[in-house]
Amino acid sequence: MSSARDRVLDAYETLLIEHGPAAATLDAVAAAAEVSKGGLLYHFASKDALATGLLDRLRERSAADAEAMRAAPGGPIDYYLRTSAPGGGSPGGLTRTYLAALRIADGRPGVHDALAVVDADGLAALRTEIADPVLSWLVQLVGDGLYLRTLVGTPLPDGLGVDDLLERLRALLPDIGSG
């Protein structure tokens, strides 16, 4: 069973993703987490503290995801593109936490910095497979495009999938690792 703190953060993410920041009041988060408001306030003394907790979780999940990328049997590129594509999803919850953070990005201090950490973590992991910084960034941008499709619910083009992307990338960039 997850801790009360994790349940509160899970509920906050859900409310942000499904209903937006205005719906993510402390009372609503406590109710969704099935904790008392006092229980929520024990872990997060204010809405700002709750947002900070979400951003801390984002950074933690990003670091764990970058390690998973480096250790993935298919290599960082394979992992990054597969988890960025519609239906992929990062196994450690990074995708969900990232989306929740995007919902509070407008004007909240620290969000852009936390998102930049995620970006840097992913790029650093890709650089372990692609030494060229421009090529590794291009692969990251492809993954970002796949992730955008995931966020807006746009499927991949008919007859094309991540395997096709990986095959073509490896043909165009023969110096990258093969997993």
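Is lysine 37 buried, partly exposed or exposed? Lysine 37 is partly exposed, with a relative accessible area of 38%. Here buried means under 20% relative accessible area, exposed means over 50%, and partly exposed lies in between, using a 1.4 Å probe and protein chains only.

The model is predicted: local features need pLDDT of at least 70, side-chain atom pairs count only at pLDDT 80 or more, and totals for chains, interfaces and linings use all residues. Residues are numbered from 1 along each chain as its sequence is written, and side-chain values use heavy atoms, with hydrogens and water left out.

Start with the whole chain. The secondary structure comes to nine helices and zero strands. Helices (H or I, at least four residues) and strands (E, at least two) are DSSP runs, numbered from the N terminus. The C-alpha trace spans about 55 × 35 × 30 Å along its principal axes. Of the 179 residues, 39% count as buried. The accessible surface comes to about 9,300 Å², and 57% of that belongs to carbon and sulfur atoms. Accessible areas come from the Shrake-Rupley method with a 1.4 Å probe; for residues, only the protein chains shown count as cover.

Contacts say how the chain folds back on itself. A contact means heavy atoms within 4.5 Å. Take the contacts between residues at least 6 apart in sequence: 67% of them join residues at least 24 apart.

Now look at helix α1, residues 4–19. The expected span of a helix is 1.5 Å times one less than its number of residues. For the 16 residues of α1 that gives 22 Å, and the end C-alpha atoms are 22 Å apart, so the two values agree. Several residues of α1 are buried, among them Val8, Ala11, Tyr12 and Leu15. Their cover includes α2 (26–33), α3 (37–43), α4 (47–71) and α6 (94–103). Glycine 20 follows α1, and its phi is positive, near 90 degrees.

Next, step to valine 29 in helix α2. At 0% relative accessibility, valine 29 counts as buried. What does valine 29 touch, not counting residues up to four places away in sequence? The answer is Val8, Ala11, Tyr12, Leu15, Ala24, Leu40 and Leu50.

Records name two stretches here. UniProt lists residues 2–62 as "domain: HTH tetR-type" in an unreviewed entry. That span is 77% helix and 0% strand, and its end C-alpha atoms lie 20 Å apart. UniProt also places the feature "DNA-binding region" (unreviewed entry) at residues 25–44. This second span is 75% helix and 0% strand, with end C-alpha atoms 12 Å apart. UniProt positions are given in the numbering used here, feature names are shortened, and annotations may be inferred rather than shown by experiment.

Charged side chains come next. A salt bridge is a side-chain nitrogen of Lys or Arg within 4 Å of a carboxyl oxygen of Asp or Glu. By this rule the count comes to twelve salt bridges.

One of them joins glutamate 13 and arginine 96, at 3.2 Å from N to O. This pair links distant parts of the chain: glutamate 13 is in helix α1, arginine 96 is in helix α6, and they are 83 residues apart. Glutamate 13 is buried, with a relative accessible area of 0%. Arginine 96 is partly exposed, at 33%.

Return to lysine 37. Lysine 37 forms a salt bridge with aspartate 27, the closest N and O atoms being 3.4 Å apart. Lysine 37 lies in helix α3 and aspartate 27 in helix α2, so the pair ties together parts that are ten residues apart in sequence. Aspartate 27 is partly exposed too, at 48%.

An α-helix has 3.6 residues a turn, so residues three or four places apart point the same way. Arginine 70 is partly exposed, at 34%. Elsewhere, salt bridges that share partners join Asp6, Asp10, Glu13, Arg57, Arg61 and Arg96 into one network.

Finish at glutamate 129, in the loop between α7 (111–127) and α8 (133–152). Glutamate 129 is buried, with a relative accessible area of 11%. Its side chain reaches the backbone nitrogen of isoleucine 77 at 2.8 Å.

Note on methods
Polar contact = N/O pair within 3.5 Å; in protein donor to acceptor, adjacent residues only side chain to side chain.
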